[in-house]
Amino acid sequence: MSPLRGVRNWLDQRLGWDDLIAPLRKKTVPLHKLSYWYFLGGITLFLFVIQVLTGILLLLYYRPGANEAFESVQYIMTQVQFGWLIRSIHSWSANLMIFTAFAHMFSVLFLKAYRKPRELTWVSGVILLFLVMGFGFSGYLLPWNTLAFFATKVGTEITGQVPGIGKPVMIFLRGGEEVTGATLTRFFGFHVAVLPGLATVLILLHLLLVQRLGMSIPPKLEVQWTANPSAKREMKFFPNFSLRELMAWYVALGVLGALAAVFPWNLGVKADPFVSAPAGIKPEWYFLFMFQTLKLIPPKVWFIDGEIVGVLAFGFVGLFWLLLPFFESGQPSHMKKWITGLSIFALAYIVSMSVYGYLAK
Amino acid sequence: MTADQLSESKPTRRRVIEWFLGGGLLASLASFIYPVLRYVVPPPVADLGGDEVVAAKLMELKPNSGKIFRFGNRPGLLIRTPSGEYRAMSATCTHLSCTVQYRDDLHEVWCACHNGKYDLSGRNISGPPPRPLEGFEVQVRGDEIFVRRRREA
Amino acid sequence: MAILRNKRGIFTVARYAGLASCIVLAACLGYGQAANSCLDCHSALPDALGVTQEKFSQDIHAQKGLTCTSCHGGDPTSDDPDKAMSRKAGWKGRIDRKQIPQLCGSCHSDPAYIRQFNPSLRTDQLDQYRTSVHGKRFAAGDTKAAVCTDCHSVHDLRAPSDPRSTVNPVNVANTCSRCHSDAEYMKGYSIPTDQFAKYSTSVHHQALAVRGDLSAPTCTTCHGNHGAAPPGVDKVQNVCSNCHAFQAQMYERSSHKKAFDAASLPGCVVCHSNHGISHPTDATLGTGPDALCMRCHTPGDKCDQARAGLQSSLSQLDASIKSADQILGVAESSGMEVSEARLGQDQARDSLTKARVTIHSFRTDLVDQDIQAGRRIAAKNLQSGKEAMVERNYRRAGLGISLIAIGIVLAGLRLYIKKIES
């Protein structure tokens, strides 16, 4: 008997292994022109795993605390063997993951995969997107350099603008009135404990739902294939699709390695709360579209402060985004055109505002 | 080729591919694991180097003398006053960033560039410097003199 | 009260109450203001006789409670011009230029009086003025020479610490140049009028007016303010040495001091000029158009040889610092962390600066000490830069290997997939 079969038998006798993985063996992936988009979720998950692994490695040397954070990152970059690689992979993978998370969300949006019965998958996904951006925001502060310090200051300041709960939330985030070492400690707690815990639970839920409900088929195709079942084309998930997915993951690894080696993440200058903010401070690219929007809103809209209008608007948009599936029709032949239009607008808005924000002084 | 030969070349071909793939996977995994293994071994210098440094040894400085030491990315000045006390401060002059020195004849910190003077607490007392020198904390532990930045509240 | 029962009575009461409150209000508004009838008319008069309330309110004397009559005499309470400007009331009229120093000095040289306003204000300005070129010429009858109001302005006189004051350090050079750069005005005096033009090109002007470094010198720093006079040929170097102590010390013990003193040449100024002091470059040690040494020394003599030696050592150190900088720059842009070497470069540059200062000793052995120290440091940094590049290449090689492994896996997967699907 081959060794692999021996292991499987051992597991089956103790865990009921064969029954556990039976659904996976049966799982299929619909094959059509847009099937490649199905990779995005897996890549995001893969990058998340990379983040967890490199994050744990960084934890071996990183010290949270205003007096030591910057120096410990510098230590990792200069003294620790391959520290530069681990840290640069962590930073690059973070950015790539946020990008693929957005891309995954948009592909689901355009392929209408959020429709009934997959509303909860969408909801858990949108919450995960928010968590991922929270990861980005909290992680960015941890090296405690000037750019990060002021980005955090501006970002939490904007949160404080929300009427009523804004100020308490800001104080909760900052660990005080101002951004200090207490903020760093708090963000560290969020970044390595709170957010990972929440994300893990949601990811498990998200994956469970995907396994239970199977892969969604684009509406037009669904109509065709329901009418003509013999036209349906599928691919087995295991081993065919997963091998292809493995290829995609290896490509991602190659890209990450190249980025980390050729463009290592820089240290910056240690944060000094008493210097004035550098001119033209901007948040990281994934917040640019919101930041630029806020900059374009006039100081007063009616009688309300412009910034408050902006923050509230984004709040409402976020809430709407979360509940989007409940506005959509359940019939694949009757997709709401306005939702498609809105999706295109959202994508165009985010892309153009990000570019604008990047180019603006 | 006969049918038998055909049915045999398939597994051989497949086995070649499997070996190729397996080899590649192993090589790639090795190229991932190797840096991680090196990473988890702590480097010889465990000191972070930025927040706290050993500025000098106990018997190194005589009273009424000073020493320049490296503190993070900038020079620092360690002074032993005539009464034997240790003081430490940034050695970057606040005027035009020259490196200051301790003058044992004046009992003051002096900048050679434009004749700026600071007292032993780093306060600017004469000449161009517009601000005092940032002071550091000194701690004597055993036979080593540690200097570190003043802790923020 | 009975009067209130009557409707008409109420109106009457209101009328008188209103009038009374207006009077009280006027009195309140007038309370605390020094009665000053002068400005009532003079704020409306044209330029020569005009002083607006707005202008005068900027004046520090007005802010301390003094008025027109404090200098001009007269009666400020009267609205009648004859009474206000009567000789009996002590009116002096327009102050004659010849009287100005005396008038200002009547308060400003009186310590007991000035103590009431600002105890730490000096009271020796008039005495100093009398020792100055301006004061001496003025006493000899030259009314073109500067008096107090020429520099300090009048009626809107501000404290020197006020950035808008004509005698604030940032503005002093402009104030002096009003006369000293005016060729017409300075006709008949045997001094040049290009000082301000030259000073405006200097490093000191750059520091003071452009960078805002208030420690940088302006006219009065070297010439004095109230006792303004040129330092004198043999004393210039004392003035420079107040800030440039190290260079002065070196020069003091050097061969050039003896030579220049014997030739009645001023220290510092011979090489560095007095007003148009520009940033010295190594080219001054050369033989080109900026050459300084060759203005006096003969080509080929031992001084010329020493000069050539100094120039070559300095440029060697400069070159080794630059080449270390260059390699560190490449390493840094490839992502290598070289902050320790960068700090070392600062030290090397410090050595170069020190070597350039030591030139003032005119001793090649002393300069060489600093040069050698600098070169050792720069060489160490160059080494660090080279090591950083080696590390960088090692990383790229490592990346290449892992990419090859990944490439093999990708190719293998492709083949495998094809195989199992055929």
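At what angle do α4(A) and helix α5 (residues 83-110) of chain A pack, and how far apart are their axes? The legends below, which describe close-up views of a predicted model, begin with this pair of helices.

**View 1. The packing of α4(A) against α5(A).** Two packed helices are described by the angle between their axes and the distance between the axes. Here the helices α4(A) and α5(A) meet at an angle of about 115°, and their axes are 6 Å apart. On the α4(A) side, the contact is made by Val73(A), Ile76(A) and Met77(A). On the α5(A) side, the contributing residues are Gly83(A), Trp84(A) and Arg87(A). By class, this contact of α4(A) with α5(A) consists of four nonpolar residues, one polar residue and one charged residue.

**View 2. The contact between chain A and chain C.** Chain A brings 17 residues to this contact, and chain C brings 15 residues. On the side of chain A that touches chain C, α4 (69-78) and α11 (237-262) each supply at least two residues. The largest share of that side, 13 residues, belongs to α11(A). Sorted by class, the side of chain A that touches chain C comprises twelve nonpolar residues, four polar residues and one charged residue.

**View 3. The contact between chain B and chain C.** In this view, 18 residues of chain B are in contact with 19 residues of chain C. Helix α1 (residues 3-40) of chain B gives the most to the side of chain B that touches chain C, namely nine residues.

View 4. Chain B is divided into domain 1, covering residues 1-41, and domain 2, covering residues 52-149. Taken over C-alpha atoms, the centres of these two domains of chain B are separated by 63 Å.

**View 5. Strand β3(B) and its two partners.** Strand β3 (residues 74-80) of chain B is largely enclosed by the rest of the structure, because five of its seven residues are buried. Strand β2 (residues 65-71) of chain B pairs with β3(B) in the antiparallel sense over seven bridges. Within this pairing, Ser65(B) stands opposite Arg80(B) in β3(B). The hairpin of β2(B) and β3(B) has two residues between the strands, and Gly72(B) takes a positive phi near 65° there. Strand β4 (residues 86-90) of chain B also runs antiparallel to β3(B), to which it is joined by five bridges. In this second pairing, Ile79(B) stands opposite Arg87(B) in β4(B). The hairpin of β3(B) and β4(B) has five residues between the strands, and in it Gly84(B) takes a positive phi near 100°.

**View 6. Domain 2 and domain 3 of chain C.** The domain assignment of chain C gives domain 1 (55-143), domain 2 (237-278) and domain 3 (302-421). The centres of domain 2 and domain 3 of chain C, taken over C-alpha atoms, lie 38 Å apart. Their contact takes eight residues from domain 2 of chain C and five residues from domain 3 of chain C. On the side of domain 2 that touches domain 3, α18 (245-252) and α19 (255-262) of chain C each supply at least two residues. The largest share of this side of domain 2, four residues, comes from α18(C). By class, the side of domain 2 of chain C that touches domain 3 of chain C holds three nonpolar residues, four polar residues and one charged residue.

Key:
Residues are numbered from 1 along each chain as its sequence is written. Chains are lettered from A and ligands numbered from 1 in the order in which they are written. This is a predicted model: local features need pLDDT of at least 70, side-chain atom pairs count only at pLDDT 80 or more; totals for chains, interfaces and linings use all residues. Two residues are in contact if their C-beta atoms, placed from the backbone, lie within 7 Å. Ala, Val, Leu, Ile, Met, Phe, Trp, Tyr, Cys and Pro count as nonpolar, Asp, Glu, Lys and Arg as charged, and the others, Gly among them, as polar. Domain bounds come from an automatic or database domain assignment. A residue is buried if 20 or more other C-beta atoms lie within 10 Å of its own, exposed if 12 or fewer, and partly exposed in between; C-beta atoms are placed from the backbone. Two strands pair if DSSP finds at least two bridges between them. Axes are lines fitted to C-alpha atoms, for helices over the stretch in contact, and angles run from 0 to 180 degrees between N-to-C directions.
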